[in-house]
Amino acid sequence: MTTLERHPMIPVAPPSLIENFYTPEEISAIFSVIRENGPWRLILAHHFSFTEEYLAISGGKNRKPDAQLSDFVAPVFRGFFGNAGVVFHPELHDIYFGRKLLDTARGLHGAKYGMAHDLFFNLCGPSHSFDAGHFDTGSFRGMGLFNTPVWLLAIMSKSGLFDEWEVKTAQVLTYFYNSDIDGGFTYWPDGPDENPHRLAAPFWNTAFLTDNSRMYHRREANGPKDQRDYPGLDITSELHATPDDEWSIRNGSKEISRFGDADMRVLVHYTALLFDDLTDVRRFQDHTDDLTSEKVFGMLIDDMRSKGALVEEPSDPMTDTAFIAQLTEFYKMAPSRYPSEAPLDVRS
């Protein structure tokens, strides 16, 4: 990359802060849905069917023999309020389809048109954060989570080769954590090689307008340090609301941990797909300029070879583990600097 080229993981604009984003009535509706419609699964369980599948791609098998899932996965649970233009809870219809979220998102890119994509929440109690920094999955015309594995979408974003086909997105992230025991948000608006910024807790109904598909970011550890371990955590663990207004993490009928609202950290996450004009909209809707996996792999191979890499033509690039490993290594990037107040939390 020359000094004149823009790093692919720099957002279109730095995040902006919006206090008191949701109305009291909207907050009540959101939290009622969360409490009344569980149990909720781990974020990990939304992407992997069993623990060994996750370990195979995470490096977990290289950890100490007696390592447990809780040694490198935080108990963060996720539920969807709406996705791909469908709201799952009627009481949140006006939030998901409302102008407030969409108009706020459109403002990031100055886009004329947009559509609600997803609205979900992440919820955790006291916990470590083993996240070294990540960016949200991008979307490209013809290729997205509906037909493309996460690892390939990440490589496409990091390569910078497919900006012409990228569907612009913006996120409105609204945080609820009424405690000052850690729990902040780290982000790298100048690229993963530069110094991070952070939003420190406490915050409540504090929204961030951001371009998370182009910006590394992470949740920081939160809650009392002596309550952050979950020895029994499993990919099948679920979060249940209790009648006494607490939260219970259970493996089946067995409770492995419990926490109260005072230690609860919640993120409400909204993403919109954005379009500059009607030509941009129609290109997306009519699929007149879509990527294909064949084109993507061809461009990636050409790029690697042009930069001196020896690449054997894979017979099935989607499943060739050696080729996938080569792609991952060639386009690897990650933050290396962390706030002194919130260093990287890792275990062997």
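The model is predicted: local features need pLDDT of at least 70, side-chain atom pairs count only at pLDDT 80 or more, and totals for chains, interfaces and linings use all residues. Residues are numbered from 1 along each chain as its sequence is written, and side-chain values use heavy atoms, with hydrogens and water left out.

Let me begin with the fold. The chain holds nine helices and 14 strands, taken as DSSP runs (H or I, at least four residues, for helices; E, at least two, for strands) and numbered from the N terminus. Its radius of gyration is 20 Å, close to the 20 Å that the globule rule gives for 348 residues, so the chain is as compact as a globular protein of that length. That radius is taken over C-alpha atoms, and the rule is 2.2 Å times the number of residues to the power 0.38. Along the principal axes, the C-alpha trace spans about 60 × 50 × 35 Å.

Buried residues make up 50% of the 348, where buried means under 20% relative accessible area with a 1.4 Å probe, protein chains only. Of the contacts (heavy atoms within 4.5 Å) between residues at least 6 apart in sequence, 76% join residues at least 24 apart.

I turn now to S127. This residue sits in the loop between strand 5 (113–124) and helix 6 (150–159). Is S127 buried or exposed? At 0% relative accessibility, S127 counts as buried. Its side chain reaches the backbone oxygen of G125 at 3.2 Å. Beyond its neighbours within four places in sequence, S127 contacts A74, P75, R219, A221, N222, R228 and Y230.

Note on methods. Polar contact = N/O pair within 3.5 Å; in protein donor to acceptor, adjacent residues only side chain to side chain.
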